[in-house]
Number of protein chains: 4
Amino acid sequence: MDMGIRTAVAGASGYAGGEVLRILAGHPEFEIGALTAGSNAGTALGAHQPHLRSLAGRVLEETTPGTLSGHDVVFLALPHGRSGPLAEQLGEDVLVIDCGADHRLADPGDWERFYGTPHAGTWPYGLPELPGQRDALRSTRRVAVPGCYPTAVSLAMFPALAAGLAEPDVVVVAASGTSGAGRALKPHLLGSEVMGSVSAYAAGGTHRHTPEMIQNLSAAAGERVSVSFTPTLVPMSRGILATCTAKARPGVTAASLRAAYEQAYAGEPFLGLLPEGQWPATSMTLGANTVLVQVALDEAAGRVVVVAAVDNLTKGTAGGAVQSANLALGLPEELGLTTIGVSP
Amino acid sequence: MDMGIRTAVAGASGYAGGEVLRILAGHPEFEIGALTAGSNAGTALGAHQPHLRSLAGRVLEETTPGTLSGHDVVFLALPHGRSGPLAEQLGEDVLVIDCGADHRLADPGDWERFYGTPHAGTWPYGLPELPGQRDALRSTRRVAVPGCYPTAVSLAMFPALAAGLAEPDVVVVAASGTSGAGRALKPHLLGSEVMGSVSAYAAGGTHRHTPEMIQNLSAAAGERVSVSFTPTLVPMSRGILATCTAKARPGVTAASLRAAYEQAYAGEPFLGLLPEGQWPATSMTLGANTVLVQVALDEAAGRVVVVAAVDNLTKGTAGGAVQSANLALGLPEELGLTTIGVSP
Amino acid sequence: MDMGIRTAVAGASGYAGGEVLRILAGHPEFEIGALTAGSNAGTALGAHQPHLRSLAGRVLEETTPGTLSGHDVVFLALPHGRSGPLAEQLGEDVLVIDCGADHRLADPGDWERFYGTPHAGTWPYGLPELPGQRDALRSTRRVAVPGCYPTAVSLAMFPALAAGLAEPDVVVVAASGTSGAGRALKPHLLGSEVMGSVSAYAAGGTHRHTPEMIQNLSAAAGERVSVSFTPTLVPMSRGILATCTAKARPGVTAASLRAAYEQAYAGEPFLGLLPEGQWPATSMTLGANTVLVQVALDEAAGRVVVVAAVDNLTKGTAGGAVQSANLALGLPEELGLTTIGVSP
Amino acid sequence: MDMGIRTAVAGASGYAGGEVLRILAGHPEFEIGALTAGSNAGTALGAHQPHLRSLAGRVLEETTPGTLSGHDVVFLALPHGRSGPLAEQLGEDVLVIDCGADHRLADPGDWERFYGTPHAGTWPYGLPELPGQRDALRSTRRVAVPGCYPTAVSLAMFPALAAGLAEPDVVVVAASGTSGAGRALKPHLLGSEVMGSVSAYAAGGTHRHTPEMIQNLSAAAGERVSVSFTPTLVPMSRGILATCTAKARPGVTAASLRAAYEQAYAGEPFLGLLPEGQWPATSMTLGANTVLVQVALDEAAGRVVVVAAVDNLTKGTAGGAVQSANLALGLPEELGLTTIGVSP
């Protein structure tokens, strides 16, 4: 009798939790157990996630160590600061996948500077495509799921930096759909504000995903990389398009640049370098676990230009989370994940 | 060795064809064979459907009887008028699923009045949830896939009419995303025109889906039903929300109305009556093969009010097509189809 | 020395208040005085309405009788229930324009049934295009600005009903942009929820604008009119598209119908009957004080079909408010208002 | 008797032409004469620009020297390559305002490299806010209206470069609404493609607006400036948000940076530096003739970050055109133009 891998999702009424459930619902190995929430505990999942038909009648429990116990895997989709204390009370043999920020940064100083609270610690980083990361995820029982922007930016820039083709001084401007900000009731997230408008926010180096990008790209480059990051909010629900540029190192050609990406992405099921001339659109990745990239050399400006598209909720959060869970559990890395998007 | 059911898709570069492929790519039994197109023949699928990563390198062939031969199943996603002649040249043992309009109407007069060309004939109608339709689809080798609006409206109204709870005089106002109009380059479909605006079109009884609704609802009611249909175009890519009302018959109560829907939908995997108080949104159905419905009795106005949400490309076209193909091939009706939508 | 008409706006940080200010800023006669707010009092207007550049530095005061005193005109753009008590404390010689619902309904029973509170009273109704309304607005010192949906529906249907061409049993399905719901922080108004989705709400006769439509249309028809009203929320910030149908009376022709509208709209600066074959889109009216209409006779269904587009914030609220203020003050009715929209 | 300034608009059925008309319709001095078009000649303006109610019945004439003759001012809103030959046949005393690209570039080599045709010549550049440009526009009879992206980028970056606070090596990533691409029927501009998606295009230094940015910024900096420009298409009709960064020169502080912008924008009616902490959104500028900017110093990355919002059709095209026309005609520069946007 097939029991499946018993799986709990904390934060099931939010956008990240909903996307975890959307993927788990189509995954052949996970059996969905407890669904928990904060203020929405006691209500039916269908009141918040009516698109998850087969789970709509499930009632949300409180997010506590007790409700989450008795599962093989626990996905945490909680506001930052909540995962650390909770995870300490979950068994060491339970696979805990933290979709939040708490355990991503290696440097406690970075955490404290950007979040203003004590650092909860560092867990294996769930971006297996980065050099050296995949093996660290096998058999781990703790995974820090990367942030959505760092997923796009790190996978976009690591090949150029790792191959020494770009200076370690990266400028990133990224456009994000509104689901990246979660389901919090904030005035600037109202539909009336968002539709028909693009806005910048947290510019000038203040966005909390900045140190995470620096951490990943510095590791890839083998030297300290600086990142100037400007996020913008665009009128769509899902998707990130990240434009990343850096000065080209002397002697770089369009061909050498393209070759570096082809080599770095070879064998990666979820990374795609688009054919020459085709630039990424977020619709290419909607609902898929992919990052699609195009790269060019702007010879007049002397810069490497890389554009990456990702679904912030899928590969950028929940799909990446399941990919790491697959690795940690010894399942095929691609199981239950798709490279086929939903478009138009 | 498992060869799968060899399947061709004609019109693979359009929106309906792309959605057929999206579903087939996740279906365990179909093996994707020839992909054909009109003016896009000779180009790679990825130039038109970059979201279908695993098929992006496939080259489109010309849509001819020759390129479509040698398959067990052929999905036709062509402009109206094209399916008839083509289907005549495909073998009688080939399962032909026509996503176009050519074979939906039973009355040649209706066809000629609304399309102005000779009628190609009538095929079994691919809406198994309508009374009496499911059996007609088993073992057939020809299926007429319903129109997107008629899918929503017929499934929304048949329970009330079949149970004699509503007068046979239905008023429908439906909002559709732009993909319902296909990929044709028409000025009113430009993004600049569509975004930030809702518009009516083909109002006053002129829309070609009107006789199809009348056909379905009259069959359900057992008497001639009139339909006043006003379609509107809204700023989104996918989804139909159909609001359908009719005078309540004497003695109808909210409870009797709800009971009729519960009974009519019982056991239907893809039809859902939402909990009382929750009204449909198209986002609940995006990418899913579902029709979600709410019903109310407006006592002051004396009318039954039914609202239905559907993804025009999934249950409204390609998902419905695969559902009928499953039936025709003796596969489980739900195979490869999901009730889980993509949201937000 | 030109002093202008001293004008206060209560609720200046909301959408209706902001639109009143947008229009006043381009009006040659009004001089903008106190701007007041609730919880936003003490902050700069520019934090909430950064599009109103010339007023951005103005600081919001508390909404009290004191801050509003000393003005010739006071526009109230407040949640329902607030205008009644406040207006009683403003001088009888002050022109009070209530953009809220409090004083629209003539029947206290209607008010209590739909709002659940005691009725504040009935003021002259600010829809001068309705038969007999314009004169009632001249020299009045109190104006109830119509609701946005009733503006569209009443102006769409009164000609057919007044001319006896349609049965007094109207079905309305209307699509509204999200600004119609105001700036309140409600989960279903989040951009992530709204974009890419159309949803129904307050269906089945429960929407509070229903009795207002019945009141207006019954007056026009000279008999009790029933209205079945289903509002839907669409992914745009502004605009209402209302589809209204009713059984055609015997003998009605397309020509007699069109003639009735041409006659009813003749001389009305803000009402437009579109050329035959052109159906309304809300983008035609964005930012303009217009209602644009098309009418058809669906002979097969035996129904009159009228579609109207309006900007819910302009003619549907603030523009209508200024139009009535112009009348009340003896200014030219069109002063400071435009029929030119902003598109695309 | 007031005759007004007789004004013709060529390309009246396009987006730029429509916006010129929207502004002219509210301008006290211009009298709208001939409206001309290409393939739309012979049709009513209302078929293409139904939002321009008062002009809807006007019939479009052919765009020829003859139809355009007899006017004091001619606005050309034509595809590039058309303005040069046409302008030669208009009298030297006629004020010709070219909204197209033909006469913007000073260097024929730049033109030929990016457009591949012979250069039509260089006209006074219609961006009066750039150092030294305003006087060149007074009394001229020929004006080259800047491109929409260069308007945003040049006005965003000139203060930092002119003050020597930033290195002459600028990285620009800009998001544009679809109206910037005009009304051409191209597959990627369909609503179904655009909605729910952000895409990059013409990246890697290939966009035709790049040399115009370099020209303007080099003039401001007094040295050759390089520009890496990546444009992206976002799901909205109007607006550009340009994020511009450059290495900060040694010793630059946040205060010195802000001071430079305050000084550069002082007295400019249409340029606005937002209060500290408020970042631009395109909705702040919709329909207004403004460019709104925020600037920050990212100390960790060592870069100046400037974000600018503009309505690509208003200040970015038609509003800028009228502003220059006002100057050329000796009218008040602000006449008929507004700083008040339409929002939400």
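Modeller: Over all chains, a search of the whole structure finds 64 salt bridges. The model is predicted, with local features needing pLDDT of at least 70 and side-chain atom pairs pLDDT 80 or more, while totals for chains, interfaces and linings use all residues. Residues are numbered from 1 along each chain as its sequence is written, chains are lettered from A in the order in which they are written, and side-chain values use heavy atoms, without hydrogens and water.

Colleague: What makes the pair B:Asp311 and B:Arg238 a salt bridge?

Modeller: A salt bridge requires a side-chain nitrogen of Lys or Arg within 4 Å of a carboxyl oxygen of Asp or Glu. The N to O distance here is 2.9 Å, so the pair qualifies by that definition. B:Asp311 lies in the loop between strand E13 (303–310) and helix H10 (314–328) of chain B, and B:Arg238 in the loop between strands E9 (226–233) and E10 (240–248), so parts 73 residues apart in sequence are tied together. Helices (H or I, at least four residues) and strands (E, at least two) are DSSP runs, numbered from the N terminus.

Colleague: Why is H6(D) called roughly parallel to H8(D)?

Modeller: Their axes, lines fitted to C-alpha atoms over the stretch in contact, with angles from 0 to 180 degrees between N-to-C directions, cross at roughly 20 degrees. Angles under 35 degrees count as roughly parallel, over 145 as roughly antiparallel, 65 to 115 as roughly perpendicular and the rest as oblique; H6(D) is therefore roughly parallel to H8(D).

Colleague: How many salt bridges join chain B and chain A?

Modeller: The count between them is zero.
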